Amino acid sequence: MLNKNSLILLVLAVALILIGLVMPYWFSFLVTVALGKGLVVLGLVILMRAGLVSFGQGLYYCAGAYAVGAFSHFVETDNVILLLAVAMLAGLVISSVVGLLLSRYRDIFFAMFSMAFSMILYGVLVKSAELGSSDGFNVTSPSLFGFAPEVNGGSILSYWVAIILAFVFGAIIWRYFKSPMGVAGEAIRENEIRVEYLGVSVQKVIYIKYIMAAVLASTGGAITAMTVGHIDPEMAYWTTSGEFVFIALMAGTGHVAAPLLGAVIFELLRSFAFQVSPYTWQMILGITLLAIIIFLPKGLWSLKDKLMKGAKS
Amino acid sequence: MNLALAVLVDGVVYSSWLFLIAAGLTLIYGVMKILNMAHGSFYAIGAYSGASLIGVYFAGGNPPWASYLLLIGVAMVAGLIVGLLIERGFLRFMYGRDEVVMILVTYGILLILEDTIKLLWGVDPYFAYQPYTLLGRTKISSLSFANYDFMLIAVTAVVAFILWWSLNRTKAGKILQSVIHDREIAGALGVNVTKIFTITFVIGAFLGAFAGAMTAPGISVVPGIGIEVIILAFAVVVIGGLGSVGGAFVGALIVGLSRALSVHLYPDGELFVIYGVMGLVLAFRPQGLFAIASARKI
Amino acid sequence: MLKTISKIAVCGALALGTVVSAANAADNYKLGLVTFLSGGAAGPFGVPAKNGADMIIDAINAGTLPAPYNKVGMNGVKIDPVYVDEAGGATKQVSEYRNLVERQGVNAVVGYISSGDCLAVPGVAEEMKKVTVLFDCGTPRVFEEADYKYVFRTASTTTMDSVAAVRYISEKVKGLKSVSGINQNYSFGQDSWNDFSKSLEQLNAGVTVSTTQFPKIYAGQYGAEVSALMVNPSEVIHSSFWGGDMEAFLLQGSARGLFDDQQVLLTCGETALYKFTDNFPEGTIVGGRGPNGIFAPKSDFNDWFQKEFKARFGTEPTYPVYHMVQAILGLKLATEKAAAAEGEIPTDEAVASAFEYLEYDTPAGKVVMANGNGHQAIQEMVFGQVSKVDGELVMKEVVRYPASCVNPPNGVKAEDWIASGFEGAVCN
């Protein structure tokens, strides 16, 4: 059953897929990598709405990427559906174990404990010579049963996959945020004990949110691995996880589209900071971050409301 | 025998270094509830100012013993300037924001400071090894240790004592503790919370810069050293319980000794040990070892 | 709401369009240069390499280099360098590589110090068919795991450092019974130690290993490691430390007398030799990842190079400078060899085929693109010991190993070559 909004979304998705055929390749590449990260951030937003900030989403980002890498190496397949499924499975399995422990934690302890787990994965990978240690290894680019159209100097398949996944997951999470379980997140952030009094198991709600976030993160990792063609343990390092939090706060948690768009804007910003000022790009990023926090406390997404208000008056 | 001795001394030396770094971080968190990512930059600024001034100082042929005082002086000035600039010029406009947002704010400051340091000092290494080698070494059994490291232990002990004493035995310290326990009530009772915040932040910045200045003689001061210590300091502080100075002390000891043990008995594990310890402690004490009790929201 | 999204998207696309069109307009030869400009690798490697590039590009554009490099610019076209910071890991670097080629329209890319980046970038380079010269990274895996057409590396792999190091200590260290190692816990450190210990098993089977330490990279505090090295003494301590880690280790080890009766071997020691001279213990065995810096063979080219660099930057050129310069020189020669007429910039394909199996002279002597089917350079390797005469740095006991002695033959994996007992090595 298609209502007006889903119809517009569908048209937008198809339009973006078609635009991919004409946009310069560096841009579709950037968008693909950004959407990979955007999915991780979307997962992070699920947690953040419940008041939990994970500094360890790199764990699943990296696990998804390595699942793709290992599977394409050892099973020797480049089937994009199979690879994505394996990555999601990896995220699901790891998070359903780790989540049992982590769902008991809150605040900074949740953040640090999740970081500890991702740093342990980092350590294990750095110690694994057969997986290339800190250098990592290359991953062949994927195809859909041999179908991988080249456009403007590179395979466009990953871009399409990223767009489709972004829309599918975006729609699912959008529905989820409106469901009782989704709304429970905000209630938990406000007051956990009252939620318990209402007969809802806070731990269970958080456990499920944690797993959802993990699956999104490992999907994002898989997209990155397939697009970049190279994976390394850096993906599990705390700075990578920190970057996700950075994007989430920059974008805002107001809407499912915010993290996805925010990721694209962040990648563009960084890429141009690199180009304009190779020696002091960190300073540009830092100043931008502070400016957003000061002038747009609810993230870039709050610009939308301001714009809409401006349009109405 | 040798092994036990080595583990003990190495562990305690490393612990005292960790505590010096973590003390300012935990103090700022305790009072202001800001997990200050820029603490690593304070450390780097202290190290850079110390190393560059020591270099000039020895090039001028001045009496070597006074260089230790110089290190302390440098840290004080650097901490005061940077601390005041950041707190007065920036942070005070952000109070009341979410804790996570404050982490991001300090992360932004860290990014800016990292490049500022690069613009001021360049990327070439700075050395200030004279104070480090000046004190000579001591042979215990068949092992030699640098006397500077023993001095570091003593300095850390003094810093820890001063912190404990001024927090628990002075009026200012009691006022500070009241702010730690409940900012609003303390404010209602007439405590000038804003002033306390400024002072705490400057002391925290000084402690960070001091750790850097004390470390500088034994290392090569290069870009990125600040980033490397942040996570170490975070781990120590989380193990000990956020905001607790005593907890940071114990946390530093646990991490330092386990790392030394791992280096001597299982070198491959060095990479994991700190996270392993952190995971283990958090698994059994979800709030860290000496967490400050917080009221339940009902 | 959706309208706003599409509005934002359209605005973004428009803004992008203007930036892109503004970026593409140049008659010069645009050369993308990627090295570390921030972080711990900037000081010892990245910035010296950038300085080297600046200097040699200025000289090339002025046409003042000796033959065969005396043409102005690249075949008469002035070089316009575009710098990118290598910080941020392989994912970011692959992105930045695409931006360099597509957005900035560079004619070629020279860069990459980190081995991870050197493994990640060639795939994209092939896809985009853009000549790319890796200048400094050391992992032999690049051309062992794949064949590339457009990717070249004008410096030797780290295999050479380890093999030569073992040959050197077997020859020069009297009464060698045991060694120990302290290397950073990441690919470069692990590989260096692996190659070293495996080579030792082949060349000097009686030598035992006392302890192997793998501290985290950028750890900075080596108290416990120094104790461990003291508790398990050996004749030679092998280390591939570099930058701040190496200097800190030397300081902390010296202060405790670690090097009084154990000789330390630093495969990357050359980068700190000139600024840190006072703190190198007498007899430290030092390598410079090739015949670079103090180990460079005597030539007019090198004399000019050292003098010019010192006059401009106030310090001696270290091995990353040499590596950078030989990458740019190789690219220049290949470009000019491929070009039909003056002032023409040949196609990437033509440059790539001209580059294969190229042999050319550099300030560091001869570079021969002998391995990886003509894409991987081999050079001679030199080790020596630090000595100070009246406070002046002198290298003593210098031994030079020909390229064919310390590099595997074309097509043989480094690991297999070492395991085979260096089959096919020619040492004199």
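**Reading the model**

I am working with a predicted model, in which local features need pLDDT of at least 70, side-chain atom pairs count only at pLDDT 80 or more, and totals for chains, interfaces and linings use all residues. Residues are numbered from 1 along each chain as its sequence is written, while chains are lettered from A and ligands numbered from 1 in the order in which they are written.

**Chain B**

I looked up the confidence before anything else. The mean pLDDT (the predictor's confidence in each residue, from 0 to 100) is 91 for chain B, and 98% of its residues reach 70 or more.

Next I listed the elements. Chain B has 12 helices and 2 strands; helices (H or I, at least four residues) and strands (E, at least two) are DSSP runs, numbered from the N terminus. Along the sequence I read α-α-α-α-α-β-β-α-α-α-α-α-α-α.

Then I checked the overall size. The C-alpha atoms of chain B fill a box of roughly 60 × 45 × 35 Å along the principal axes. The radius of gyration of chain B is 19 Å, which agrees with the value near 19 Å for a compact globule of 298 residues. That radius is taken over C-alpha atoms, and the globule rule is 2.2 Å times the number of residues to the power 0.38.

How much of chain B is buried? I found 56% of its 298 residues. A residue is buried if 20 or more other C-beta atoms lie within 10 Å of its own, exposed if 12 or fewer, and partly exposed in between, with C-beta atoms placed from the backbone.

I also looked at contacts (two residues whose C-beta atoms, placed from the backbone, lie within 7 Å). Of the contacts in chain B with a separation of 6 or more, 78% join residues 24 or more positions apart.

**Where chains meet**

Ala, Val, Leu, Ile, Met, Phe, Trp, Tyr, Cys and Pro count as nonpolar, Asp, Glu, Lys and Arg as charged, and the others, Gly among them, as polar.

Chains A and C meet through 36 residues of chain A and 34 residues of chain C. α2(A) gives the most to the chain A side, with 6 residues. By class, I recorded 20 nonpolar, 12 polar and 4 charged residues on that side.

**A helix of chain C**

I followed α2(C) from end to end. This helix has 21 residues and reaches 28 Å from its first C-alpha to its last, close to the 30 Å expected at 1.5 Å a residue. The expected span is 1.5 Å times one less than the number of residues. Of the 21 residues of α2(C), 15 are buried, so this helix is largely enclosed by the rest of the structure. Just after α2(C), G63(C) takes a positive phi of about 70°.
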